[in-house]
Amino acid sequence: MRPAAVFTGLAGMAVVSGLLIAAEARLRGGTGEDIITAEAPATETAAEPAPEAAGPSATISDADAEIIARGAQPAAPSPAPAEGTTVTPADPPRPAEKPGRQAAEPAAKKPIELARPVAENAGLLSFGERRLQLAGIIPTPADRICGPAGRQWACGMLAKTALRQLLRNRSLTCDLDMAEWKEMATAACRLGTQDLGTWLAENGWAEAEAGSPLGAVAEKAKQAQKGIYGGDPRRK
């Protein structure tokens with residue numbers, strides 16, 4: 001018999017013996033792995049599992065890496081206030097104002113000198129094409145008639161004449177927004193220190209507007225029957 005055949009037979013007997021011992025060990029509750037390993041020929045080696053194929057490596061850009069690094073860094077703590085200093089809380093933000101809500105302040109009036117005034121009636125002046133009504137009074141129309149029947153007189157014309165005699169074409173100082181205006185303006189005017197509206201109300205040549213500070217002055221002239229409240233001064 002050849003030696004190779006003998007070796008093959010002995011190896012087969014050893015494997016069979018190992019299988020029988022392993023089966024007996026399993027029946028008794030053991031694993032029998034150490035026995036199989038001991039009885040296996042030294043030439044046999046357990047096959048190691050093949051390593052799993054590594055997946056493709058993920059790529060990341062420099063910008064993404066910088067963002068990730070910043071997000072990972074902890075926020076810098078606020079500096080502690082110096083000893084002895086008082087920390088004042090910041091004022092809450094004020095709500096934004098809506099456009100159009102803030103009303104524009106009216107322009108401040110200033111005294112402006114006006115030359116060559118012409119009295120159209122007792123309370124209404126003209127400066128060329130511009131016209132100005134004296135503040136606080138109701139102008140007396142030049143065609144107004146006063147007095148009872150049979151004793152009527154042209155009080156409006158006399159009131160106009162009285163104001164013209166006071167002015168005598170002298171310059172006035174009027175409180176206006178601007179020296180040039182269109183159509184009609186209303187303002188207080190003075191001849192030197194004499195307020196023209198006050199003068200007309202005191203002498204009864206014009207009535208005071210409702211709520212005007214000249215109301216008391218006009219009422220006093222009415223009680224005294226001055227100007228338009230009395231009779232024709234030409235008959236006296």
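**Exercise 1. Is Glu183 buried or exposed, and where is Glu183 found?**

Step 1: Check the surface. Glu183 has a relative accessible area of 69%, so it is exposed. Here buried means under 20% relative accessible area, exposed means over 50%, and partly exposed is in between (1.4 Å probe, protein chains only).

Step 2: Place Glu183 in the chain. Glu183 sits in the loop between strand 6 (172-176) and strand 7 (184-187). Strands (E, at least two residues) and helices (H or I, at least four) are DSSP runs, numbered from the N terminus.

Step 3: Look at the backbone. Phi of Glu183 is near 60 degrees, a positive value in a residue other than glycine. Most residues other than glycine have a negative phi.

A quick word on the model before you go on. It is a predicted one, so local features need pLDDT of at least 70 and side-chain atom pairs count only at pLDDT 80 or more, while totals for chains, interfaces and linings use all residues. Residues are numbered from 1 along each chain as its sequence is written, and side-chain values use heavy atoms, with hydrogens and water left out.

**Exercise 2. Find the strand order of the open sheet with mixed pairing, and name the strands at its edges.**

Step 1: Get the order. This open sheet has 4 strands in the order 2-3-4-7. Two strands pair if DSSP finds at least two bridges between them.

Step 2: Pick out the edges. Strand 2 and strand 7 each have a single partner strand, so one side of each has no neighbour in the sheet.

Step 3: Zoom in on one pair. Strand 2 and strand 3 run antiparallel and are joined by 3 bridges. Val118 stands opposite Ser126 in strand 3.

**Exercise 3. Work out which strands make up the antiparallel sheet.**

Step 1: List them. The 4 strands come in the order 1-6-8-9, and this sheet is open too.

Step 2: Find the edges. Strand 1 and strand 9 (194-195) each pair on one side only.

Step 3: Strand 1 and strand 6 run antiparallel, with 5 bridges between them, and Glu113 stands opposite Thr173 in strand 6.

**Exercise 4. Which residues touch the most other members of the largest nonpolar core?**

Step 1: Know what you're after. A nonpolar core is a set of buried Ala, Val, Leu, Ile, Met, Phe, Trp, Tyr and Cys residues joined through side-chain atoms within 4.5 Å.

Step 2: Name them. Among the core's 36 residues, they are Leu125, Leu132, Leu172, Leu176, Leu196, Leu200 and Trp205.

Step 3: See who contributes. Helix 4 gives the largest share, 7 residues.

Step 4: Follow one member. Leaving out residues up to four places away in sequence, Leu172 touches several others, including Ile112, Phe127 and Leu196. Contact means heavy atoms within 4.5 Å.

**Exercise 5. What parts of the chain does the salt bridge between Arg130 and Glu180 link?**

Step 1: Check the pair. The side chains of Arg130 and Glu180 meet at 3.7 Å, N to O. A salt bridge is a side-chain nitrogen of Lys or Arg within 4 Å of a carboxyl oxygen of Asp or Glu.

Step 2: Locate both ends. Arg130 is in strand 4 and Glu180 is in the loop between strand 6 and strand 7, 50 residues apart.

Step 3: Compare surroundings. Arg130 is buried, at 19% relative accessible area, whereas Glu180 is exposed, at 55%.
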